[in-house]
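Visitor: I'd like to learn how to read a structure like this one, feature by feature. Could you walk me through it?

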Amino acid sequence: MEKHMGKNHSFIHNKSSNISDNDKLLLDFIEKYKKYRYDWIHQPQLCITEKKINQSMRDEGIRPLCIDIETVAMCDLACPFCFREYYATPDKLIDSNFCFELLDQISELGIPSVKFNWRGEPLLHPKLPDFIAYAKKKGIIETIINTNATNLTEKKAKELISSGLDYMIYSFDGGTKETYEKMRPGRFKENKFEHVYENIRQFKSIRDSTNSPFPYTKIQMILTKETSHEKEQFFDLFSNYVDDVSLSQYSERGGELMDIDDATKESYEQGLIKHGLPEGTPYMRDSQGRLYLSTQRKPCAQPFQRLLITYEGRVAMCCYDWGAAHPVGYVKSEAYQNETDYDKIVERAKNGDKGFELLSNVKKSKIFNQPPEKVQKLKDVWFGEEIDRVRNKHISGKVDDVEICKGCTFKDTYKWIPVDHKDESKSLNLPEGLV
């Protein structure tokens, strides 16, 4: 981003005819971006260690660093490890005018980053490129999407590049056709490995033809028992077609805790005995297959970093609150006036309707918090009492007092000790990253 800031569409839209002014402007954009990335780690640390909430955050201008807008609350896949398999998510698109209004508020607050998806596949919204282009015109430095790439056609690829999209993350699970198609089945039609793989290769070719460094592309695979033995094949598939190939830790989504192989289960049980930990203790396996057990909860960075907004205007404080079950405010009245969208999904899954056959485990999420039923601005939600109550609990070491945070699967909120390899002298603290 620093190296190619001169081609960032937000910078381009702000350029003047004066070359010396543009040199200063470019440096200003680079510094703003660097500060945003520095603050991503250090802003939560500062707030937690110095117990900053509400008025002190307001006085010091501590704002969200990223807003996740759920442009689409539906997906054309039914991946067995996804939250959608367990928590009802309406098949809805965000209202376009509402999305533009949110971008206006984000720009006014000087928030540097917007992610245009949360619980769904953003390429299903026909106006996604328009949203991105508008954000860039409003001066938002970084725009991001996660996509499964099933709908990444040649036309869509060109639109995304032209819009000024900065960062695109592909979700692709498996290093072989067999594993990929098992892990990422289609909801409405068969999903083919060859089709998606070609979409990703084609995007690289189209981007290269435009001589554009953007969007920077990353592909990630979640490590499960089905995919963990295909790491090398995964890297071989994509190392020539994306800028970054990475592996992500699996976070249990609502199925069985012990959905692991027998050898790992034995190590897990021996680790519990060795360290005097209770049954049900959270576990994690790293990219090398090493097992870790949790000894303690940590304050979560997300309530001090970002806000997430559902298609209907419910505001969440963490991307792991899949059902927005602990809303901290509302930015549209539909968010508290209409629950039928969620009920319909549960009913259709129960009936086995077309496109819902693979969602048999889905249920409606419990609601753990009910803010006053009123429409607020993003700024007022961020500095509001609802989210401050959560921040207070995290700062004071009472994470599990917040019902939605109790048992959370976000790996960054735990302290880990290794149990199945030699170096047990150090615990593992995962870095807080953009999810």
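Predicted model: local features only at pLDDT ≥ 70, side-chain atom pairs only at ≥ 80, totals over all residues.

Visitor: Fine. With that term in hand, which residues is His326 in contact with, leaving aside its neighbours within four places in sequence?

Guide: The list is Val315, Met317, Asp321, Phe368, Asn369, Val390, Val402 and Ile404. His326 itself belongs to the loop between β10 (314-316) and β11 (329-330).

Visitor: Is His326 buried or exposed?

Guide: The cut-off for buried is under 20% relative accessible area. His326 comes out at 8%, so it counts as buried.

Visitor: What is the arrangement of Arg119 and Trp118?

Guide: Arg119 lies over the face of Trp118, 5.2 Å from the ring centre. There is another case to look up: the charged end of Arg297 is placed over the ring of Tyr414, at 4.4 Å from its centre.

Visitor: Now rings against rings. How do I describe a pair?

Guide: You quote the distance of the centres and the angle of the planes. Searching the whole structure turns up 22 aromatic pairs. One of them is Tyr180 with Phe193, which is edge-to-face, with 6.0 Å from centre to centre and 70 degrees between the planes. This pair links distant parts of the chain, 13 residues apart, with Tyr180 in helix α7 (residues 177-183) and Phe193 in helix α8 (residues 193-209). Tyr180 and Phe193 are both buried.

Visitor: Why is the pair of Tyr197 and Phe238 called edge-to-face?

Guide: Planes over 60 degrees apart count as edge-to-face. The planes of Tyr197 and Phe238 are at 75 degrees, with the ring centres 5.4 Å apart, so the pair falls in that class. It, too, links distant parts of the chain: Tyr197 is in helix α8 and Phe238 in helix α9 (residues 231-238), 41 residues apart. Tyr197 is buried at a relative accessible area of 15%, and Phe238 is buried at 0%.

Visitor: Which residues do ring pairs link into a cluster?

Guide: The cluster consists of Phe172, Tyr180, Phe193, Tyr197, Phe234, Phe235, Phe238 and Tyr241.

Visitor: You mentioned α9. How do I read the sides of a helix?

Guide: An α-helix has 3.6 residues a turn, so residues three or four places apart point the same way. In α9 the buried residues are Phe234, Leu237 and Phe238. Seen down the axis of α9, these fall within an arc of 75 degrees, so they line one face of the helix. On the other side of α9 you find Glu232 and Asp236, which are exposed.

Visitor: What covers the buried residues of α9?

Guide: The cover includes α8, β5 (216-222) and β6 (244-248).

Visitor: Last topic: sheets. What holds the strands together?

Guide: Strands of a sheet pair through backbone hydrogen bonds, either parallel or antiparallel. Here, three strands form an open sheet in the order β7-β8-β12, with antiparallel pairing. β7 (283-285) and β12 are the edge strands, each pairing on one side only. On average, neighbouring strands of this sheet are turned by 40 degrees against each other, direction ignored.

Visitor: How many bridges join β7 to β8, and how many join β8 to β12?

Guide: Three bridges join β7 to β8, and five join β8 (residues 291-297) to β12. Tyr292 is a handy residue to look at: Met284 stands opposite Tyr292 in β8, and Pro418 is the bridge partner of Tyr292 in β12.

Technical notes: Residues numbered from 1 in each chain as written. Heavy atoms only, no water. Phe/Tyr/Trp six-rings, centres within 6.5 Å; stacked < 30°, edge-to-face > 60°. Helix = DSSP H or I, 4+ residues; strand = E, 2+ residues; numbered from the N terminus. Buried < 20%, exposed > 50% of the residue type's maximum accessible area, 1.4 Å probe, protein only. Lys NZ or Arg CZ within 6 Å of the ring centre and 35° of its normal. Contact = heavy atoms within 4.5 Å. Arc of directions from axis to C-beta. Pairing = 2+ DSSP bridges. Axes fitted to C-alpha atoms, helices over the stretch in contact; angles between N-to-C directions.
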